[in-house]
Amino acid sequence: MAEKSRLSQQVKALRKQYHLTQEDLSFKSGVGLRFVRDMEQGKKALRMDKVNAVLALFGKELGVVEQPRGVEQ
């Protein structure tokens, strides 16, 4: 089983907060049920356009986040 990512945890929490089943989320976002399940299980490689389709239901989207770097360039 893949380690749960922050994304997968947040999507699952939002889905439950809005009282949606995985099937509901799949239908409303226009992505496949398998994609929703993979996302919630923390699959590492997901299509960004599909992730954004799911997140759009909750008024969110993927974005660039600053990460601390070990070496300054």
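This is a predicted model: local features need pLDDT of at least 70, side-chain atom pairs count only at pLDDT 80 or more; totals for chains, interfaces and linings use all residues.
The mean pLDDT of the protein chain is 92, and 93% of its residues reach 70 or more.

Me: Why is R15 called buried?
Reply: The relative accessible area of R15 is 9%. Buried means under 20%, so R15 is classed as buried. R15 belongs to helix α1 (residues 6-17). Beyond its neighbours within four places in sequence, R15 contacts L20, T21, Q22, L25, E40 and F58.

Me: What makes S26 count as buried?
Reply: S26 has a relative accessibility of 10%, and the limit for buried is under 20%; therefore S26 counts as buried. S26 lies in helix α2 (residues 22-29). Residues up to four places away in sequence aside, S26 touches V31, G32, L33 and V36.

Me: How many aromatic pairs does a search of the whole structure find?
Reply: The search finds one aromatic pair.

Me: Why is the aromatic pair of Y18 and F58 called tilted?
Reply: The planes of Y18 and F58 are 40° apart, and the centres are 5.4 Å from each other. Planes under 30 degrees apart count as stacked and over 60 as edge-to-face, so this pair is tilted. Y18 is in the loop between α1 and α2, and F58 is in the segment after α4 (48-56), 40 residues apart.

Technical notes
Residues are numbered from 1 along each chain as its sequence is written. Side-chain values use heavy atoms; hydrogens and water are left out. Helices (H or I, at least four residues) and strands (E, at least two) are DSSP runs, numbered from the N terminus. Buried means under 20% relative accessible area, exposed over 50%, partly exposed in between (1.4 Å probe, protein chains only). Contact means heavy atoms within 4.5 Å. pLDDT is the predictor's confidence in each residue, from 0 to 100. Rings of Phe, Tyr and Trp (its six-membered ring) pair if their centres lie within 6.5 Å; planes under 30 degrees apart count as stacked, over 60 as edge-to-face and the rest as tilted.
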